[in-house]
Amino acid sequence: MSTDIVIYHNPACGTSRNTLAMIRNAGIEPHVVEYLKTPPARALLVQLIARAGMAPRDLLREKGTPYAELGLGDMSLPDDALIDAMMAHPILINRPLVVSPLGVRLCRPSEAVLDLLPAPQKGAFTKEDGERVIDETGARISA
């Protein structure tokens, strides 16, 4: 299917890998941006945050990043300072961020991507941790 979907992806992240796999399970081959190698331009990052209806702080990742060392837990820091930190250290950008014709969303948990896909799942899907998300008919399994 030719649908314009972009995933800001980190192949070392299980949530990101599961999200990418669910996009592909819908028969869609997305444009994959390994944002640690090719970070978005500042203006694009600001636009993505706004389109997702988030604040910059909502996109900050703490685990496995220089979050604490940079003092980013200081709630008085302005949004521009947080974006500056993400630009200087792309690992601070939480992932996966998915852009589709249906919106922009930080897909944590990974099954949040299902709300952004314009095509149904083609078959069963089980996450890397063994959790079944989609049944054999392509229907979402309720938690």
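**Entry 1: S110.** I started with S110 and asked: is S110 buried or exposed? Its relative accessibility is 2%, so S110 counts as buried, because the cut-off for buried is under 20%. I noted that this is a predicted model. S110 sits in the loop between strand 4 and strand 5. Next I looked up what S110 touches, leaving aside neighbours within four places in sequence. The list is T15, N18, T19, M22 and K127.

**Entry 2: two cis bonds.** I stayed in that loop and checked P109, which is found between strand 4 and strand 5 (125-126). The peptide bond from R108 to P109 is cis, with omega near 5 degrees. I then turned to P96. The bond leading from R95 to P96 is cis too, and here omega is near 0 degrees. P96 lies in the loop between helix 4 and strand 3.

**Entry 3: N10.** R95 turned up again when I listed the contacts of N10. Not counting residues up to four places away in sequence, N10 touches S16, Y35, L36, I91 and R95. N10 belongs to the loop between strand 1 and helix 1 (14-25). Its relative accessible area is 7%, so N10 is buried.

**Entry 4: helix 2 against helix 4.** I wanted to describe how two helices pack. For this I needed the angle between their axes and the distance between the axes. Helix 2 covers residues 42-51 and helix 4 covers residues 79-88. They pack at an angle of about 120 degrees, and their axes are 11 Å apart. The crossing of helix 2 and helix 4 is right-handed.

Which residues make the contact? From helix 2 I wrote down R42, L45, V46 and I49. From helix 4 I wrote down D80, I83, D84, M86 and M87. Then I sorted the contact of helix 2 with helix 4 by class. It has six nonpolar residues, three charged residues and no polar ones.

**Entry 5: the cores.** I looked for the largest nonpolar core and found that it has 22 residues. Y8, L59 and M86 have the most contacts inside it. Which elements each supply at least two residues of this core? I listed strand 1 (6-9), helix 2, helix 4, strand 3 (97-100) and strand 4 (103-106). Helix 4 gives the most to this core, with four residues.

I followed up on M86, which is also part of the contact with helix 2. Leaving aside neighbours within four places in sequence, M86 is in contact with L45, I49, P56, L59, L60, L92 and I93.

**Entry 6: R132.** F125 came back when I checked R132. Leaving aside neighbours within four places in sequence, R132 is in contact with F125, T126 and I141. R132 is found in strand 6 (residues 132-134). Its relative accessibility is 41%, so R132 counts as partly exposed, between the cut-offs of 20% and 50%. Last, I looked up a distance. R132 and S142 are ten residues apart in sequence, and their C-alpha atoms are 9.6 Å apart in space.

Notes:
Residues are numbered from 1 along each chain as its sequence is written. This is a predicted model: local features need pLDDT of at least 70, side-chain atom pairs count only at pLDDT 80 or more; totals for chains, interfaces and linings use all residues. Side-chain values use heavy atoms; hydrogens and water are left out. Axes are lines fitted to C-alpha atoms, for helices over the stretch in contact, and angles run from 0 to 180 degrees between N-to-C directions. A crossing is left-handed if the near helix is turned anticlockwise from the far one by less than a right angle, and right-handed if clockwise. Contact means heavy atoms within 4.5 Å. Ala, Val, Leu, Ile, Met, Phe, Trp, Tyr, Cys and Pro count as nonpolar, Asp, Glu, Lys and Arg as charged, and the others, Gly among them, as polar. A nonpolar core is a set of buried Ala, Val, Leu, Ile, Met, Phe, Trp, Tyr and Cys residues joined through side-chain atoms within 4.5 Å. Buried means under 20% relative accessible area, exposed over 50%, partly exposed in between (1.4 Å probe, protein chains only).
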